[in-house]
Amino acid sequence: MREILFRGKSYTDDKWHYGYYTFKPATAFTAERHEIVSDAGLGWNCPPETIGQFTGLTDKNGKKIFEGDTVRYKDALTNKMHCGVVNFADASFRITDGGFHGYRWQDYEVEVVKERHGEELDG
C-alpha cells in the first residue's frame, strides 16, 4: 500500500503544507475552501491549482514526487534526457512531455526539477 498524502501551497503564508485534502463547498456565508489538513488537525486554505497527490514514489535523490511536479528523466531506450509533468489520468500517475505518456516511468531515473507552481530547484 502506498502512503496517501497531499500537498498544497497556502494562501496565507505561501508555504507548502502536507496532509489530507478536504473540500468545503461554498455556502451563503462562506466561500469554497480547498484545505490541506495535518495529522495534528491544523488546516490551510490552498488554491486548488497548487494541490497535488503524492505518487507513492521518490526521485533519485529521495524527494517525494507529487502530481503536478516537473521531472527530468533519461529514456532507457534512447539515452536522451526529457522533462515532463507528473499527472493523474486513467487511474494512474504518468509523466507527460508532449509525446511520452509513461505508465512505467518508475523504471526511469527520475528527478524532480520543479514543484507544482513552485520555484525551479537547483540542478
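Biologist: Is F66 buried or exposed?

Modeller: Buried means under 20% relative accessible area, exposed over 50%, and partly exposed in between (1.4 Å probe, protein chains only). F66 has 2% relative accessibility, so F66 counts as buried. This is a predicted model, in which local features need pLDDT of at least 70, side-chain atom pairs count only at pLDDT 80 or more, and totals for chains, interfaces and linings use all residues. Residues are numbered from 1 along each chain as its sequence is written, and side-chain values use heavy atoms, with hydrogens and water left out.

Biologist: How are the planes of the F54 and F66 rings set?

Modeller: Rings of Phe, Tyr and Trp (its six-membered ring) pair if their centres lie within 6.5 Å; planes under 30 degrees apart count as stacked, over 60 as edge-to-face and the rest as tilted. The centres of F54 and F66 are 5.5 Å apart and their planes stand at 45 degrees, so this pair is tilted. F54, at 4% relative accessibility, counts as buried.

Biologist: Which residues form one aromatic cluster?

Modeller: Y18, F54 and F66 form it. Y18 has 37% relative accessibility and therefore counts as partly exposed.

Biologist: Where does a charge sit over a ring?

Modeller: The criterion is NZ of Lys or CZ of Arg within 6 Å of the ring centre and within 35 degrees of the ring normal. The charged end of R7 sits over the ring of W16, 4.4 Å from its centre. K64 lies over the face of F54, 5.1 Å from the ring centre.
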